[in-house]
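Please look at the sequence and the model before I go on.

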Amino acid sequence: MIDPDGYRPNVGIVLMHPDGRVFWARRVRRDGWQFPQGGMNSDETPVEAMYRELREETGLLPGHVDVLGVTPGWLRYRLPSRAIRRNDRLVCIGQKQVWFLLRFTGTDRDLRLDLSEKPEFDHWRWVDFWYPLEHVVNFKRGVYTRALQHLAPFARQVAGATAVPTISLESQRSRGRGGGARTGGGCAAPGRGPAAPRRFPVD
């Protein structure tokens, strides 16, 4: 499903541990990490699509999460030109997304990456709330910034200001210009780096 402007409706999921860290996963057979996300079917509401994608990509059920917040309206990003399939009848130039902040109420054992026929991810870890802004692929950084800025107040109500500190947009831009992926400092809160990746079988 692609709208007249060439954007595919999509939902994004920020799954947050009660301590403020967020779920960060690696794409299968790629060295790219991101939040769970996926396209909406024509007969789905954003909430319905979110719960379906949550199950497909993380193995979680509605009972494993609480919805804390959602972005208003659509947040858009364009795909890089190399990723646009111009031979298709309907050309998709990017995604328009609704982002959900979910509090994780289960245990790590509930997270399963291998439940769908074509898993999206093969590794995952918990990272500090702002960490993804430095480490997501460049063309998604703007939409990640807008989504996390909107969702941060909801996260702060659960995890507190120490776990989800307030940072300025200029600070985020300067971090983005810093380039390479850093595993220490930066967006990470003091004293907490990302845990080692969790491995799951992917058949």
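Predicted model: local features only at pLDDT ≥ 70, side-chain atom pairs only at ≥ 80, totals over all residues.

Tyr144 has a relative accessibility of 1% and therefore counts as buried, a word that here means under 20% relative accessible area, with exposed meaning over 50% and partly exposed anything in between, using a 1.4 Å probe and protein chains only. Trp99, also at 1% relative accessibility, counts as buried too. Residues are numbered from 1 along each chain as its sequence is written, and side-chain values use heavy atoms, with hydrogens and water left out.

How many aromatic pairs does the count come to? Rings of Phe, Tyr and Trp (for Trp, the six-membered ring) pair if their centres lie within 6.5 Å, and planes under 30 degrees apart count as stacked, over 60 as edge-to-face and the rest as tilted. By this rule there are twelve aromatic pairs. In one of them, the rings of Trp99 and Tyr144 have centres 5.3 Å apart and planes at 75°, so this pair is edge-to-face. Because Trp99 lies in strand E7 and Tyr144 in helix H3, the pair ties together parts that are 45 residues apart in sequence. Another edge-to-face pair is made by Trp124 and Trp126, at 5.6 Å centre to centre with 80° between the planes, and both Trp124 and Trp126 are buried. Trp99 and Tyr144 also belong to one aromatic cluster together with Trp24, Phe35 and Tyr131.

Let me turn from rings to the core. A nonpolar core is a set of buried Ala, Val, Leu, Ile, Met, Phe, Trp, Tyr and Cys residues joined through side-chain atoms within 4.5 Å. The largest such core has 29 residues, and those with the most contacts inside it are Val14, Trp24, Phe35, Trp99, Phe129, Trp130 and Tyr144. Strand E1 (7-16), strand E2 (22-27), E6, E7 and helix H3 (141-159) each give this core at least two residues, and the largest share, seven residues, comes from H3. There is also a second, separate core of 20 residues, which includes Ile13, Met50, Val65 and Phe121.

The names of these elements follow DSSP runs, numbered from the N terminus, with helices (H or I) of at least four residues and strands (E) of at least two. The chain holds four helices and nine strands, and from the N terminus on they run β-β-β-β-α-β-β-β-β-α-α-α-β. Of the 203 residues in the chain, 47% are buried.

Now for the strands, where two of them are said to pair if DSSP finds at least two bridges between them. Strand E2 is mostly covered, since five of its six residues are buried. E2 runs antiparallel to E8 and is joined to it by six bridges, with Val127 in E8 as the bridge partner of Val22. E2 also pairs in the antiparallel sense with strand E3 (residues 33-34), over two bridges, and here Ala25 stands opposite Gln34. E2 and E3 form a hairpin with five residues between them, and Arg29 in the turn has a positive phi of about 60°.

Strand E6 (residues 75-78) has a covered face, made of Leu75 and Tyr77, and an uncovered one, made of Arg76 and Arg78. E6 pairs with strand E7 (residues 94-104) in the antiparallel sense over four bridges, and the bridge partner of Arg76 in E7 is Lys96. Arg76 also lies over the face of Tyr7, at 5.6 Å from the ring centre; a charge sits over a ring if NZ of Lys or CZ of Arg is within 6 Å of the ring centre and within 35 degrees of the ring normal. In a second example, the charged end of Arg125 sits over the ring of Trp33, 4.4 Å from its centre.

Finally, where is Pro119 found? Pro119 is in the loop between E7 and strand E8 (121-127), and with a relative accessible area of 16% it is buried. Pro119 and Arg27 are 92 residues apart in sequence, yet their C-alpha atoms are 8.7 Å apart in space.
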